[in-house]
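Subject: Structure handover

Hello,

Here is the structure to look at. My notes on what was found follow below it.

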Amino acid sequence: MSSADLRDLYQQVIMDHNKKPRNFRDMPDSNHLAHGNNPLCGDALVVYLKLDGDTIEDVSFQGSGCAISVASASLMTEALKGKTMADAEALYELVHKQMTGEDVDTAALGKLDVLSGVKEFPARVKCATLSWHTVHAAMESEQDSSVTTE
Ligand code: ZN
């Protein structure tokens, strides 16, 4: 597949997740949650987590934002369900490195590799990482917590 075809495919996946976000719902029995805001773009998300010990039993989100922020949150919830918190942190590190232009093992990223295109648009990196910062805050806190990207 040429790199142009790959870009088209990535674009399609992002559009699909923006139009039909996965795990886009409230979670009344969540035991961790955090709010994330990206004032530069106006993205505002809530991430809900249901942790069973160290395992992410369920993860969902709500809110509104640009296509990149919504698609990224949707892809993230799919990737994190059933993972341990340590796995989630490792994935977060990987996603962050990739979006800031470092070389990473793309096989380990799986579907999340579709977000790699944002590294060409530094202003959009905050949109794409917002949900990850937010889930990180949710894992660290027993209570409702808030993060704002800088
Ligand atoms: Zn945005």
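**The core**

The largest nonpolar core holds 42 residues, and those with the most contacts inside it are Leu 49, Leu 80, Leu 112 and Trp 132. Such a core is a set of buried Ala, Val, Leu, Ile, Met, Phe, Trp, Tyr and Cys residues joined through side-chain atoms within 4.5 Å. Buried means under 20% relative accessible area, exposed means over 50%, and partly exposed lies in between (1.4 Å probe, protein chains only). At least two core residues come from each of helix 1, strand 2 (43-52), strand 3 (55-64), helix 2 (67-80), helix 3 (85-99) and helix 5 (122-140). Helix 5 gives the most, with 9 residues. Helices (H or I, at least four residues) and strands (E, at least two) are DSSP runs, numbered from the N terminus.

Leu 112 touches Leu 75, Met 76, Ala 79, Leu 91, Val 95, Gln 98 and Trp 132, not counting residues up to four places away in sequence. Contact here means heavy atoms within 4.5 Å.

Two points on the source. This is a predicted model, in which local features need pLDDT of at least 70 and side-chain atom pairs count only at pLDDT 80 or more, while totals for chains, interfaces and linings use all residues. Residues are numbered from 1 along each chain as its sequence is written, and side-chain values use heavy atoms, with hydrogens and water left out.

**The zinc site**

Which residues coordinate the zinc ion? The donors are Cys 41 (SG), Asp 43 (OD), Asp 43 (OD), Cys 66 (SG) and Cys 127 (SG), at 2.2 to 2.6 Å. Donors are N, O and S atoms within 2.8 Å of the metal (3.2 Å for Na, K and Ca); water is not among the atoms, so sites may look incomplete. The donor residues are spaced C-x1-D-x22-C-x60-C in sequence.

Their accessibility is as follows:
- Cys 127 is buried, at 1% relative accessibility.
- Asp 43 is buried, at 2%.
- Cys 66 is buried, at 17%.
- Cys 41 is partly exposed, at 36%.

A search of the whole structure for disulfides (cysteine sulfur atoms within 2.5 Å) finds 0.

**The hairpin**

Strand 1 and strand 2 run antiparallel, joined by 7 bridges. Two strands pair if DSSP finds at least two bridges between them. They form a hairpin with 4 residues between them. Gly 42, in the turn, has a positive phi of about 95°.

Ser 30 is buried, at 19%. Beyond its neighbours within four places in sequence, Ser 30 is in contact with Tyr 48 and Leu 49.

Asn 23 lies in this loop too. Asn 23 is buried, at 16%. Its phi is positive, at about 55°, although Asn 23 is not a glycine. Most residues other than glycine have a negative phi.

Phe 24 is also in the loop. Is Phe 24 buried or partly exposed? Phe 24 counts as partly exposed, at 37%. With neighbours within four places left aside, Phe 24 is in contact with Phe 61, Gln 62 and Gly 63. The C-alpha atoms of Phe 24 and Asp 8 are separated by 25 Å, and these residues are 16 apart along the chain.

Best wishes
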